[in-house]
Amino acid sequence: KKRIEAELREKIAVQAAQIEEQEEEIDELHTRNMEMDQLVAEQQDNLEELIHNTLSEVARREQQWIRARGKKDERIEEFEKKDEGAKEEARRSEQAVAAYEKEFEKREAQRKEE
């Protein structure tokens, strides 16, 4: 009977030691899980900050591009206006030359008649 009790006590002691090991392992896993949750939260914060910074940079560059495009469009429009003005001036000059030539020919014809 004492031998059976001793064997049972030994089995209970072994099981108690195993339970204690498992509890320590559970505590360790719980701690690691909390650390992983913290790392995930930090990474999420970093990702959100990166997304925010990226979108801000995209918006800033888009505004720069819009301003640059606006300036280019203004220059093109200005050039086109100057070009139209030059064309109009050339047309008037051609008309003036044509009128002068016509007048010159008319006077030449009158001189020949005289």
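Surface patches are built from residues with over 30% relative accessible area and no salt bridge, joining like charges within 9 Å and nonpolar side chains (Val, Leu, Ile, Met, Phe, Trp, Tyr) within 5 Å. The model is predicted: local features need pLDDT of at least 70, side-chain atom pairs count only at pLDDT 80 or more, and totals for chains, interfaces and linings use all residues. Residues are numbered from 1 along each chain as its sequence is written, and side-chain values use heavy atoms, with hydrogens and water left out.

**Nonpolar patch**
- Leu-47, Leu-50, Ile-51 and Leu-55 make a nonpolar surface patch of about 380 Å²; accessible areas come from the Shrake-Rupley method with a 1.4 Å probe.
- Leu-55 belongs to helix H1 and counts as exposed at 57% relative accessibility (exposed is over 50%, buried under 20%, partly exposed in between).

**Negative patch**
- A surface patch of negative charge gathers Glu-20, Glu-21, Glu-23, Glu-24, Glu-25, Asp-27 and Glu-28.
- Glu-20 lies in helix H1, which covers residues 2-113 (helices are DSSP runs, H or I, of at least four residues).
- With a relative accessible area of 47%, Glu-20 is partly exposed.

**Aromatic pair**
- The count is one aromatic pair (ring centres within 6.5 Å; planes under 30 degrees apart count as stacked, over 60 as edge-to-face and the rest as tilted).
- Tyr-100 and Phe-104 form this stacked pair, at 6.5 Å centre to centre with 25° between the planes.
- Both residues, Tyr-100 and Phe-104, sit in helix H1, four residues apart, about one turn of the helix.
- Tyr-100 is exposed at 58% relative accessible area, whereas Phe-104 is partly exposed at 46%.

Definitions and conventions:
A salt bridge is a side-chain nitrogen of Lys or Arg within 4 Å of a carboxyl oxygen of Asp or Glu. Lys and Arg count as positive and Asp and Glu as negative; His and the chain ends are not counted. The place of a charge is taken as NZ of Lys, CZ of Arg, CG of Asp or CD of Glu. Helices (H or I, at least four residues) and strands (E, at least two) are DSSP runs, numbered from the N terminus. Buried means under 20% relative accessible area, exposed over 50%, partly exposed in between (1.4 Å probe, protein chains only). Rings of Phe, Tyr and Trp (its six-membered ring) pair if their centres lie within 6.5 Å; planes under 30 degrees apart count as stacked, over 60 as edge-to-face and the rest as tilted.
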